[in-house]
Amino acid sequence: MSLDVFEQLESVVRGYVRNFPAVFDRAQGAWLHDVDGKAYLDFFSGASVLNYGHNPPELKKALIDYISRDGITHSLDMASKAKADFMQTFHDRILKPRGLNHKIQFPGPTGTNSVEAALKLVRKVTGREKVISFTNAFHGMTLGALSVTGNAFKRAGAGLPLTHSDTMPFYGYFGDEVDTIEYIDKMLQDQGSGVDLPAAVIVETVQAEGGVNVADLKWLKDLEALCRRYEMLFIVDDIQMGCGRTGKFFSFEDAGLDPDIICLSKSISGYGLPLALTLIKPEYDIWEPGEHNGTFRGHNLAFITAAESLNRFWSDDSLSRETERKGELMRQGLLQIAAKHPDAKGTVRGRGMMQAIHFENIDMAGTVSKHAFQRGLIIETSGPDGEVLKLMPPLVTDDADIQKGLEIIDAALAEAVRLEGRDSQPVRVIRD
Ligand SMILES: *Cc1c(COP(=O)(O)O)cnc(C)c1O
C-alpha cells in the first residue's frame, strides 16, 4: 500500500511516518505488521505508551467484555463504576504500598494536560509565578508545558514569548566536575542573581526526549532537599519514565523521592488509550470544583485497561525485577556493539529498559535508525540534534527478541560506519 494519501491529505507537520515509511495494520506484543505482511520488531513502544506491549491479551479481553456489555464509554467526571474501580486499584496496588496518599486528578487525556494542571496548581498554592525547569527538559507542546521545555525548535513553534520559567542546568550539564545543585542553590540564595523565588521545580529523572540524560540518584535527592529548603513545590514528570520503564513503577522510587506533584500519562492506560493523571499531595489539593477540567477526562475504556494492567502487572515485583534484568541485558549488548565499532564513538547510557547510545557524530543515530528500519526494527532517535539512538522495547519483550533487536542495531551500525567511511550523504531524521 502506498503512502500517497498521507502525502496528499495530511498536514506537513506529520513526523514519524517520514522516519518509518510503512502502513501498519496489526500488532501484538513487541511486533508490528504492515499491510503487506512485513513484520517489524518495535523498540519504540509508542514513546513508552506500550510498556506492556501491543494489545496485551488480558487487557484486550477486559476491554471487549466491557464494550460488549455496553459499559459506559464517556462520562466527563460523573461517577462511573469503571472510574471507581480504577481509582481503588491504583490506590491499592500503587499508592498505598509506596506510602503515598496523593489525590488523583484527571486533567484531560494527554501528558501535556497533566503538566498544565501541575503548573497552574503550584502557582495557585504558592502565589508565585516562576517555575524552574532544566536544560533539555521535555514536558509537552502546549504553551505552559513548552515554557518549561528546553528544545529551541519546539519552543519556537509557540510564536510568542514563553515566560514565567527559569532554565537551570540538569545533572552533568557542565560535565562531571560541576554540581549543578550548588549552582541553583547559589542562584536562589544570591539577592543579585536576578532569579525570583519560583513556585516549583519540574524535573524528569531521565530526560528521554532530551537525549536520555540520566540524573544521578543523589542529585535528585539533593534537588528535592533544595525544594524543601526554599519552600518550592517539587514536581516529577514521570510521563515517559513512569509505569515501570526504569524498573520500579515510579522512576523516582530508586532515589527515594517524595514529590508533591507527579505527572503520569503514556503507559498508564496500559493499552495505548489516552489517559493522564496529576497526583497531588492532599495539602496542595486546593482547586475549586471545575477550576481545571477537560472533556475527555472520563475515558472509561482507558480506566478499564488501566485497572487491568495494574492487576496483571503490578500485583508483585516480578515485572520490576525482569525489567532491571532485561535492561542490563540491553546495556551489555550495547556496550559490546559500541566496543565493536570504535569508529562510531558511541557511549552507552540509560536506566532499566530505557537504554541508549550517544554518538559524537550527530548524524550517526539517524542513519542507524534508517538502516535498522530497513532490517525490520523500529527505533527512534532523541536529543537536541537527534544524536542519540534510543532503545525502548515493550517491557514484556522476551530475551530472544531483545537479542534480535541488538543484532539488527549491530548490523545497521556497521552499515552506517561503512557509509560514513565512504563519505556519503548522511540521513537527517525528522522527529516528533
Ligand atoms: C510525552 C511526554 C509529555 C507530553 O505528553 P503528550 O501526551 O504528548 O502531551 C510530557 N512529558 C514527558 C516527559 C513526556 O515524555
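1. Which residues does Phe-134 touch, not counting residues up to four places away in sequence? In this predicted model, Phe-134 is in contact with Thr-167, Met-168, Pro-169, Phe-170, Ile-184, Val-201, Ile-202, Val-203, Gln-207, Trp-219 and Leu-223, once residues up to four places away in sequence are set aside.

2. Phe-134 also belongs to the largest nonpolar core, which has 85 residues, and together with Phe-90, Phe-249, Phe-250 and Leu-264 it touches the most other members of that core. At least three residues of this core come from each of domain 1 (4-56 + 317-419) and domain 2 (60-313). Apart from it lies another core, made up of 19 residues, including Ala-199, Ala-200, Ile-239 and Ile-261. As general background, nonpolar side chains tend to be buried together in soluble globular proteins.

3. Turning to the ligand, the residues that surround it are Thr-110, Gly-111, Thr-112, Phe-138, His-139, Gly-140, Glu-204, Asp-237, Ile-239, Gln-240 and Lys-266. Sorted by class, this shell consists of two nonpolar, six polar and three charged residues.

4. An oxygen atom of the ligand lies 2.7 Å from an N or O atom in the side chain of Gln-240, and a backbone N or O atom of Gly-111 is found 2.8 Å from a ligand oxygen atom. A nitrogen atom of the ligand, in turn, is 3.4 Å from a backbone N or O atom of Phe-138. Of the 380 Å² of accessible area that the ligand has on its own, the protein covers 81%.

Technical notes: Residues numbered from 1 in each chain as written. Predicted model: local features only at pLDDT ≥ 70, side-chain atom pairs only at ≥ 80, totals over all residues. Heavy atoms only, no water. Near = heavy atom within 4 Å. Polar contact = N/O pair within 3.5 Å; in protein donor to acceptor, adjacent residues only side chain to side chain. Areas by Shrake-Rupley, 256 points an atom, 1.4 Å probe, with all protein chains shown as cover. Nonpolar A, V, L, I, M, F, W, Y, C, P; charged D, E, K, R; others polar. Core = buried A, V, L, I, M, F, W, Y, C linked by side-chain atoms within 4.5 Å. Buried < 20%, exposed > 50% of the residue type's maximum accessible area, 1.4 Å probe, protein only. Domains from an automatic or database assignment. Contact = heavy atoms within 4.5 Å.
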